[in-house]
Amino acid sequence: MSGTAGPLLEGKTAIITGAAAGIGRAAAQVFAAHGARLVLADVDARGGEDTLVLVEQAGGKAVFVETDVTVTDQVDAMVETAVRTFGRLDCAFNNAGTDGDSVPLAQSTDSNWQHVIDVNLTGTYLCMRAELRVMSAQQAGSVVNTSSIAGLVGVNMGLSAYTAAKHGVVGLSKAAALEYAHKNIRVNAVCPGAVRTDLLDHVIRSGALTEEAARGLQPLDRLGAPPEIAQAAAWLCSDQASFVTGVAMPVDGGATCG
Ligand SMILES: NC(=O)c1ccc[n+]([C@@H]2O[C@H](COP(=O)([O-])OP(=O)(O)OC[C@H]3O[C@@H](n4cnc5c(N)ncnc54)[C@H](O)[C@@H]3O)[C@@H](O)[C@H]2O)c1
């Protein structure tokens, strides 16, 4: 059983993907404040470097690695950077994602389908594969994947590819939780409701959803803030959640509880 004293992630090394913006940037700041040493990864190098500066200015320890999570070699290099720089990999927050086009399924394109599945689902798979190799050798680790309320229920916003991908992330997380429990590795998913980020702005700008409707998805009647998702991910990554695995945890202001 884990102790209760000290910062949540003291002495842990964590990878965060999608760290250039939104929930991933908030996670970088929250994980660092909880004592983690970080490998920040994103396809957006400028945003990723800006996050790195924010973490370092707050006294955190981190490196940034430009990484497209859909490219196997880049993902493997990201994980190698964690091991080379910090000697081990304790936690991974696989969070990079994209919504794609908001269009009804019959009007959607093959390229949108492929891109959304590639980033959200295949990207999570590639990250997990590389991370689990290191964690298996250590016989310890905690993985948290970002799904969505669209990974738990259907959403009527022209986001069928996204919804399929996010349901896939939940399935992948549960399968890996069972496969790796005997190696002392936990795998969970967080399922955010509507959170104020560029991704949500993109959905609103597409006309699929008004800001008021986005707020109204949550019985708490407001949008989530990125740190509220980041804190849940930090807890799931930490030893405080030592008996939690295979969970798809809604962090959604009650959106899916009805
Ligand atoms: N904002 C919401 O309302 C909401 C709700 C549920 C789930 N989510 C999920 O939360 C996660 C973070 O999204 P966000 O809302 O912070 O959006 P965001 O757009 O602010 O951040 C997403 C980040 O992922 C990065 N990214 C995109 N494609 C990538 C790739 N191929 N390789 C590496 N990085 C890539 C982007 O550059 C960006 O920095 C996503 O998985 C998203 O699906 C968001």
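**View 1. Helices α1 and α2 side by side.** Helix α1 (residues 22-33) and helix α2 (residues 45-57) have axes that come within 10 Å and cross at roughly 25 degrees. Because angles under 35 degrees count as roughly parallel, over 145 as roughly antiparallel, 65 to 115 as roughly perpendicular and the rest as oblique, α1 is roughly parallel to α2. From α1, the contact uses R25, A28, Q29 and A32, and from α2 it uses G47, D50, T51, L54 and V55 (contact means heavy atoms within 4.5 Å). The crossing of α1 and α2 is right-handed, that is, the near helix is turned clockwise from the far one by less than a right angle. Axes here are lines fitted to C-alpha atoms, for helices over the stretch in contact, with angles running from 0 to 180 degrees between N-to-C directions. Helices (H or I, at least four residues) and strands (E, at least two) are DSSP runs, numbered from the N terminus.

A word on the model: it is predicted, so local features need pLDDT of at least 70 and side-chain atom pairs count only at pLDDT 80 or more, while totals for chains, interfaces and linings use all residues. Residues are numbered from 1 along each chain as its sequence is written, and side-chain values use heavy atoms, leaving out hydrogens and water.

**View 2. The open sheet.** Follow the seven strands in the order β3-β2-β1-β4-β5-β6-β7, with parallel pairing; two strands pair if DSSP finds at least two bridges between them. At the edges are β3 (61-66) and β7 (248-251), each pairing on one side only. On average, neighbouring strands of this sheet are turned by 20 degrees against each other, direction ignored.

View 3. Helix α3 (residues 72-86) lies across β1, β2 and β3 and runs at about 155 degrees to β3. Helix α8 (residues 226-237) lies across β4 (91-94), β5 (141-146), β6 (185-192) and β7, running at about 165 degrees to β6.

**View 4. Helix α4 and its bend.** The 29 residues of α4 (residues 110-138) should span 42 Å at 1.5 Å a residue, and the end C-alpha atoms are 40 Å apart, which agrees; the expected span is 1.5 Å times one less than the number of residues. At D118, α4 bends by about 40 degrees, the angle between axes fitted to the seven residues ending there and the seven starting there. Just after α4 comes Q139, with a positive phi of about 60 degrees.

**View 5. The partners of α4.** Helix α5 (residues 160-180) packs against α4 at an angle of about 15 degrees, with the axes 8 Å apart. Residues in this contact include W113, L121 and Y125 of α4, and Y162, L172 and Y180 of α5. The axes of α3 and α4 come within 9 Å and cross at roughly 35 degrees.
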